[in-house]
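Welcome! We will look at a pocket, then a core, then a helix.

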Amino acid sequence: MGKAGVEDVYRLHVNDIYRYLRKLTGDTGWAEDLTQETFFRAFQHLDTYRGEKVRPWLFKVAYHAFIDWHRKQKRRPVHLIETLPEQADQGAVSPEAAAMAKETAALVQAALRELPEKQRQVLLLYAGKLSYAEIADILGIGVADVKRSLYRGRLKMRKWWGDCQHGGYGQGE
């Protein structure tokens, strides 16, 4: 892969990798640092790239960069995501709608924090439009495990959300 190819790969995938890492770390600064680390590692290890799809390979590199960072940050709690879903342009929505979106994002963040790590990872990668096989490869698990984790994670999210809507905020499983 020549210099032009490397620049194209960066341009095409940097935003997706950044969003994924921002959701994992909950911090724009850490996400920026980890995005740089991801592409540094990827370009440093181009010799291990075997012609598979570039996007899933980059997510795998990002996942491992996050895991390494997380191990170093054990003393500091990791907040999973800043916003989910992505916030719309605040100038294009009413203040009431913006407040509701912010509250919903905070509730989703709280629900995701309740999930086991594998289920959280699978849900976030699936939300990033990766296939079951790609998620399995990134996390180093089987496709059946991906499907099972996605199913269980969705069930827990629905239960938590239902409990929240019926006055049992955060008192799910």
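Predicted model: local features only at pLDDT ≥ 70, side-chain atom pairs only at ≥ 80, totals over all residues.

**More on the pocket**

- Which element gives the most to the lining of the second largest pocket? That is α1, with 4 residues.
- By type, the lining of this pocket divides into 6 charged, 4 nonpolar and 1 polar residues.

**The nonpolar core**

- The largest nonpolar core holds 42 residues, and Y20, L21, L58 and L125 have the most contacts inside it.
- Elements giving two or more residues to this core are α1, α2 (28–44), α3, α4 (95–114), α5, α6 (132–139) and α7 (143–165).
- The largest share of this core comes from α3, with 11 residues.
- Leaving aside residues up to four places away in sequence, L58 touches V9, H13, I17, T38, F39 and A42.

**A look at helix α4**

- How does the span of α4 compare with what its 20 residues should give? At 1.5 Å a residue, α4 should span 28 Å, and its end C-alpha atoms are 29 Å apart, which agrees.
- Which residues of α4 are buried? They are A98, A105, L107, V108, Q109, A110, A111 and L112.

Key
Residues numbered from 1 in each chain as written. Heavy atoms only, no water. Nonpolar A, V, L, I, M, F, W, Y, C, P; charged D, E, K, R; others polar. Core = buried A, V, L, I, M, F, W, Y, C linked by side-chain atoms within 4.5 Å. Buried < 20%, exposed > 50% of the residue type's maximum accessible area, 1.4 Å probe, protein only. Contact = heavy atoms within 4.5 Å. Expected span 1.5 Å × (residues − 1).
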